[in-house]
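Dear colleague,

I am handing over the structure we spoke about, and below it you will find my notes on what turned up in it. Please read them with the model open beside you.

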Amino acid sequence: MSFRSFFAAARAFALVSFFALPGLLVPSEPAAALTAAATVRDGNSIQLGDVTYRLDGVDAPELDQVCIDDHADPWTCGIEAREQLSKLINKRSVRCDDVGPEKSFGKRHRAICTAEGDKASLNEQLVKLGYAIAREPIKANVKPAAADAKTASTGIWKGCFVAPQDFRTGKKDGALLGAACRADRDKEIRAVLFPEDLTMPPSCSIKGKLAVRARVTGNIGIYHLRGCPSYPATTKPDRWFCSEDDAQAAGFRKAYNCRRPK
């Protein structure tokens with residue numbers, strides 16, 4: 001073997017060995033499954049470590065969403081959905097099986113999550129309790145639970161509500177869902193479900209406004225932080241968020257006057 005051939009072969013071997021070293025210049029793939037202590041962000045979002053997952057195939061009311069109960073009274077169904085998910089977990093470790101990115105919610109991923117010791121996933125249990133609805137197209141793992149909840153009028157199904165997706169986008173003419181919806185009270189019901197003065201959930205002080213001009217940047221609205229010049233002027237927010245991450249995941253961008261100059 002010539003010196004030149006020997007040198008080329010040695011260099012090739014060195015490069016192969018170099019890139020084969022674990023974690024060295026080779027981008028790591030996201031874990032297919034993660035098990036850890038869980039922090040419940042909202043009715044269908046769970047944070048494990050620094051990763052936030054949305055429960056695959058389901059959609060729970062947002063924290064600032066209002067529903068109507070079977071006595072025609074408004075109630076904070078989004079906060080209750082979060083509480084129900086916390087009760088289901090009951091401080092146990094949770095395993096989330098990643099099933100892919102969630103295109104509509106920033107960098108979050110969809111997952112099927114199960115609390116330690118349970119056979120049924122949290123996705124299925126939350127839908128069966130009636131504190132989340134099945135997202136279209138309905139997944140096989142939650143289809144029976146969705147049908148049972150609607151038939152038995154459990155959770156939010158006992159009253160009247162709009163789909164979380166309709167609430168998020170301010171679609172005030174969307175379908176009314178639930179056993180207590182009355183066609184002869186349509187206007188009054190929608191006024192309750194989309195109040196002019198939306199109540200701020202505890203510790204969720206970021207204001208969001210739906211805005212056509214936000215679509216230029218691929219968003220549906222703009223959020224305003226305390227201390228920003230636009231914050232006091234935003235008197236009737238369409239949404240309330242607990243963190244900037246939540247606001248961005250919902251498709252809102254930060255108000256330009258909130259940004260520090262370079």
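Among the contacts in the protein chain with a separation of 6 or more, 58% are between residues 24 or more positions apart. Please keep in mind that this is a predicted model. The secondary structure of the chain comes to 7 helices and 15 strands, and of its 262 residues 40% count as buried.

I looked next at the strands β2, β3, β7 and β8. β2 (45-48) is joined to β3 by 4 bridges, and the two run antiparallel; they form a hairpin with 2 residues between them, and in that turn G49 has a positive phi of about 65°. Within this pairing I46 stands opposite Y53 in β3, while Y53 also stands opposite H109 in β8. The pairing of β3 with β8 rests on 3 bridges and is parallel, whereas β7 and β8 are joined by 7 bridges and run antiparallel, with D98 standing opposite A111 in β8. Because 4 of the 5 residues of β3 are buried, this strand is largely enclosed by the rest of the structure.

The nonpolar cores come next. The largest of them has 34 residues, and the members that touch the most other members are I46, L85, V94, C113, L122 and I156. Two or more residues of this core come from each of β2 (45-48), β3 (51-55), α2 (77-89), β7 (93-101), β8 (109-115), α3 (122-129), β9 (133-134) and α4 (143-152), and α2 gives the most, with 5 residues. For I156, leaving aside residues up to four places away in sequence, the residues touched are P61, C67, W75, C77, G130, I133 and F161. There is also a second, separate core of 13 residues, which includes A211, I222, F241 and A247.

Turning to open space, the largest pocket holds about 440 Å³, and of the 21 residues that line this pocket, I133, A134, R135, E136 and A163 are the closest to its centre. At least two residues of the lining are supplied by each of β9, α4 and α5 (164-168), with the largest share, 4 residues, coming from α5. By class, the lining of the largest pocket divides into 13 nonpolar, 2 polar and 6 charged residues.

β1 (33-42), β14 (239-241) and α7 (244-249) each give two or more residues to the lining, and β14 gives the most, with 3 residues. The lining of the largest cavity has 8 nonpolar and 9 charged residues, and no polar ones.

With best regards

Notes. Residues are numbered from 1 along each chain as its sequence is written. This is a predicted model: local features need pLDDT of at least 70, side-chain atom pairs count only at pLDDT 80 or more; totals for chains, interfaces and linings use all residues. Side-chain values use heavy atoms; hydrogens and water are left out. A nonpolar core is a set of buried Ala, Val, Leu, Ile, Met, Phe, Trp, Tyr and Cys residues joined through side-chain atoms within 4.5 Å. Buried means under 20% relative accessible area, exposed over 50%, partly exposed in between (1.4 Å probe, protein chains only). Contact means heavy atoms within 4.5 Å. On a 1 Å grid over the protein atoms alone, a cavity is a set of points where a 1.4 Å probe fits but cannot get out, and a pocket is an open set with protein on both sides within 12 Å along at least five of seven lines; lining residues have an atom within 4 Å of a point. Grid points are joined across faces, edges and corners, and a volume is the space filled by probe spheres set on the points. Ala, Val, Leu, Ile, Met, Phe, Trp, Tyr, Cys and Pro count as nonpolar, Asp, Glu, Lys and Arg as charged, and the others, Gly among them, as polar. Two strands pair if DSSP finds at least two bridges between them.
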